[in-house]
Amino acid sequence: MGPAGWGLGRQGLRLLKRSLLPLKLTAIIFAGLLFCEFFIYYLVICRCHWAEVEAPAWGGEPLAPVLRAMVLADTHLLGEVQGHWLDKLRREWQMERAFQTALWVLQPEVVFILGDIFDEGKWSSPQAWADDVGRFHRMFRHPAHVQLKVVAGNHDIGFHYWMNSFRVKRFEKAFSSERLFSRKGVNFVMVNSVAMEGDACNICAKAEAELLQVSRRLNCSREVPGSGPCGAGQQLSPSAPILLQHYPLYRASDANCSGPDAAPPEERSVPFRERYDSLSREASQKLLWWLQPRLVLSGHTHSACEVLHGAGVPEISVPSFSWRNRNNPSFVMVSLTSRDFALSKCFLPQEDTVLATYCGVVGLLVVLVLAHTERLASPFLSGWNELRRHRSW
């Protein structure tokens with residue numbers, strides 16, 4: 001083949017490469033989106049495992065059944081006032097994919113969300129509230145055999161000085177007013193901790209009366225059926241409860257908290273304000289005395305912490321589930337029997353990892369475009385030719 005034929009062949013090859021460029025770019029973009037928006041959740045969450053809990057038989061009875069509970073907090077679904085549409089779209093997609101992936105991979109039997117479901121529930125209009133509730137149920141949809149339980153947070157019904165009967169009833173209509181929940185012999189008490197102000201307001205008095213009734217039922221579960229003032233009514237499992245609430249019990253600060261999802265070091269020593277950052281001492285003592293829990297799970301701080309109360313009752317503060325509040329969201333996985341429990345934590349993909357991956361994809365696209373247009377090699381060829389000319393002199 002002559003020089004003209006070689007020239008035509010090279011030109012045809014160059015045209016073919018250029019015609020394939022859009023296809024290559026599309027494939028790389030699609031692969032990047034698929035990895036960052038779908039596969040990364042499976043890749044990360046598949047590494048999470050339920051903690052093993054001993055389930056011994058008691059008195060010759062069968063092994064105690066193990067209940068698997070997934071606990072998350074502070075989703076803060078953005079509202080119509082302060083939520084930019086792009087921010088809402090991004091954060092809600094992240095939480096929906098993480099939650100749906102966790103349901104599929106981990107197969108929990110019950111899911112608890114520890115308050116601040118919404119960011120603007122404390123002031124949202126009836127229509128905005130209905131829209132937010134609809135989005136929540138779409139994002140956190142679940143199979144019929146999985147139970148989803150929610151407690152109220154200050155962003156859902158307002159701080160104590162904003163809270164009113166309308167907002168409380170609106171929340172309870174959407175998510176139930178259940179205070180005591182039992183499954184597989186494990187008792188859970190769900191507290192409206194915003195109402196634990198201790199000032200005898202109508203909502204606070206009602207909340208305390210409900211908890212006293214729950215306390216009596218729990219105490220009766222430890223009595224012999226039919227004896228004493230408890231009568232022969234339906235009894236709960238004689239199991240110390242798990243306490244679930246939004247505010248943490250009183251602690252001075254997060255100074256003793258540690259771990260990758262704890263508060264930043266500069267924030268840990270900041271003193272907590274009672275009735276704002278945590279419950280008051282009095283309210284905390286009431287809950288511990290009335291309910292005698294074996295484990296307390298709380299949210300509100302957006303950071304992780306583990307503390308011991310009273311005679312060694314552990315409290316776990318669950319970090320925020322939203323990437324808007326943390327670079328590394330996580331949730332808690334609890335394996336429970338009527339007498340024992342074991343916890344593990346599942347971290348979600350870090351947002352800076354996703355952003356770095358997208359930056360890598362953009363860099364690859366730029367290199368590919370330059371290579372196809374032969375601009376990538378031209379500076380090197382020009383420099384090489386200039387060097388050869390200088391040597392020839």
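Two strands are taken to pair if DSSP finds at least two bridges between them. The model discussed here is predicted. In it, strand β2 (residues 110–114) is joined to strand β3 (residues 147–151) by five bridges, and these two strands run parallel. Strand β2 is also linked to strand β1 (residues 67–72), by four bridges and again in parallel. The partners of V110 in these pairings are set out below.

| Strand joined to β2 | Bridges to β2 | Residue opposite V110 |
|---|---|---|
| β1 (residues 67–72) | four bridges | A69 |
| β3 (residues 147–151) | five bridges | Q147 |

A right-handed β-α-β unit is formed by β1, helix α2 (residues 85–106) and β2. From β2 the chain crosses through helix α3 (residues 126–139) to β3, and this β-α-β crossover is right-handed.

Five of the five residues of β2 are buried, so the strand is largely enclosed by the rest of the structure. In a regular strand the side chains alternate between the two faces of the sheet. In β2, V110, F112 and L114 point one way, whereas V111 and I113 point the other way.

A separate site is S239, located in the loop between α6 (202–220) and β6 (242–244). The relative accessible area of S239 is 1%, so this residue is buried. Its side chain reaches the backbone oxygen of S338 at 2.5 Å. Neighbours within four places in sequence aside, S239 is in contact with G185, N187, R294 and S338.

Note on methods: Residues are numbered from 1 along each chain as its sequence is written. This is a predicted model: local features need pLDDT of at least 70, side-chain atom pairs count only at pLDDT 80 or more; totals for chains, interfaces and linings use all residues. Side-chain values use heavy atoms; hydrogens and water are left out. Buried means under 20% relative accessible area, exposed over 50%, partly exposed in between (1.4 Å probe, protein chains only). A crossover is right-handed if, with the strands pointing away from the viewer, the path from the first strand over the helix to the second runs clockwise. A polar contact is a pair of N or O atoms within 3.5 Å; within protein, one must be able to donate a hydrogen and the other to accept it, and residues adjacent in sequence count only if both atoms are side-chain atoms. Contact means heavy atoms within 4.5 Å.
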